[in-house]
Amino acid sequence: MRITIFGASGLLGKALISEWRDDQITGLSSRDADLRDLQQVAKTVERTNPDWIVLAAAFTDVDGCETNRDLAFSVNRDGAVNVARAAKQHNSKLLFLSTDYVFDGTKTSPYAVDDPRSPESVYGRSKAEAEALLEEILPGCCIVRTSWLFGVGGKCFPDTILKLASTRTDIDVVNDQRGSPTYAIDLAHAVIQLCRKAASGIVHVTNRGECTWFEFAQAIVNAAEAKTVIHPTTTEKFPRPAQRPKYSVLSPTSLVLYGINMPSWQDALRRYLVERNFLARLMPGRHDISK
Ligand SMILES: NC(=O)c1ccc[n+]([C@@H]2O[C@H](COP(=O)([O-])OP(=O)(O)OC[C@H]3O[C@@H](n4cnc5c(N)ncnc54)[C@H](OP(=O)(O)O)[C@@H]3O)[C@@H](O)[C@H]2O)c1
């Protein structure tokens, strides 16, 4: 198959490029094609002639979206619509990456794919509106919702905790937001399989299991054998511009229907640390291994 990946320079995009074998891949960053420019997007799709388009590009700074509302909607919603139009015109299949933040977090059991969207943040709204428009423009498209992404290809929570742990004896982390961490490599494998299985509709893809950010941070320092003590705190004591869902665990049922099972987040974390250490040894002295 010919695959065109928008967002190939991002955390997931880099994992897709490193893991995708046996197909013909074109990876694009914003410098190759800006999602906001329909002509650029259409020309790129025509030139690369894809069977599948994977749309992993987005404005992902959740707090930044609150203060840059226009940019959030022009990239995440209108940009996605541009890609969907080009896909339709070119008869390409589309897999769009979306987020657990399309939910408000008031549930206490895992969100199903058909639970109503109820985003609280600008980022969540921009993605929720994109989902709804894509379903209209391209009813056969595949929408993959994921959450709490981490990996060596960009800024992520485990990397932040490990950097803090190298200089601090104590770190406060919120213990009242619960979700599922997802390793970019595992998500990439699922995305590749979903394309090969010609998936359509909404699919939830996260690592198995759930935790709070505090529990995740504790597991990170324990696995790295750091001495830093992690203390539980609350969202109220640690306010951020964007409201996050208190609970955003996504049900794996939709993914299991495709015969795909994700490893647990604890297993994924162990593999991430091995990958991070390996890269750190390859590039000694380089603090930020994500670039
Ligand atoms: N990170 C998470 O925790 C998380 C959670 C749930 C869902 N997701 C979703 O998963 C997907 C992948 O996330 P990620 O963390 O891998 O993203 P990321 O690391 O922030 O990378 C974003 C990518 O989007 C590209 N991009 C940004 N603006 C663009 C524009 N106007 N035109 C074209 N490309 C543009 C960037 O290109 P440049 O490098 O050229 O700027 C980069 O390749 C996104 O759709 C995101 O919303 C992420």
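Let's start with helix 8, residues 213–223. Trp213 and Phe216 sit three residues apart in this helix, so about one helical turn separates them. Helices here are DSSP runs of H or I with at least four residues, strands are runs of E with at least two, and both are numbered from the N terminus. Trp213 and Phe216 are both buried. Buried means under 20% relative accessible area, exposed means over 50%, and partly exposed lies in between, with a 1.4 Å probe and protein chains only.

A word on the source. This is a predicted model, in which local features need pLDDT of at least 70 and side-chain atom pairs count only at pLDDT 80 or more, while totals for chains, interfaces and linings use all residues. Residues are numbered from 1 along each chain as its sequence is written, and side-chain values use heavy atoms, leaving out hydrogens and water.

Now the aromatics. A pair of aromatic rings is described by the distance of the centres and the angle of the planes. Rings of Phe, Tyr and Trp (the six-membered ring for Trp) pair if their centres lie within 6.5 Å; planes under 30 degrees apart are stacked, over 60 edge-to-face, and the rest tilted. The structure holds 12 such pairs. Take Phe150 and Tyr272: edge-to-face, 5.5 Å centre to centre, 85° between the planes. This pair links distant parts of the chain. Phe150 is buried, at 0% relative accessibility. Tyr272 is buried too, at 1%. Back to Trp213 and Phe216: their ring centres are 6.4 Å apart and their planes at 40°, so that pair is tilted.

The charged end of Lys107 sits over the ring of Tyr111, 5.3 Å from its centre. The test is NZ of Lys or CZ of Arg within 6 Å of the ring centre and within 35 degrees of the ring normal.

Next, Asp63. Asp63 is in helix 3, residues 62–67. With a relative accessible area of 14%, Asp63 is buried. What do the side chains of Arg244 and Arg240 do here? Arg244 makes a polar contact of 2.6 Å with the side chain of Asp63. Arg240 makes one of 2.9 Å with that Asp63 side chain. A polar contact is a pair of N or O atoms within 3.5 Å; within protein, one must be able to donate a hydrogen and the other to accept it, and residues adjacent in sequence count only if both atoms are side-chain atoms. Beyond its neighbours within four places in sequence, Asp63 is in contact (heavy atoms within 4.5 Å) with Arg240, Pro241, Ala242 and Arg244. Asp63 and Ala242 are 179 residues apart in sequence, yet 5.1 Å apart in space, C-alpha to C-alpha.

Thr48 next. Thr48 lies in helix 2, residues 38–48. Thr48 is buried, at 9% relative accessibility. Setting aside neighbours within four places in sequence, Thr48 touches Arg2, Thr4 and Thr26.

Last, backbone angles. Most residues other than glycine have a negative phi, and most peptide bonds are trans. Asp22 is not a glycine, but has a positive phi of about 70°. Asp22 is in the loop between helix 1 (11–19) and strand 2 (24–28). Is Asp22 buried or exposed? Exposed, at 76% relative accessibility. Glu225 also is not a glycine, and has a positive phi of about 55°. Glu225 is in the loop between helix 8 and strand 12 (229–233). Glu225 is exposed, with a relative accessible area of 70%.
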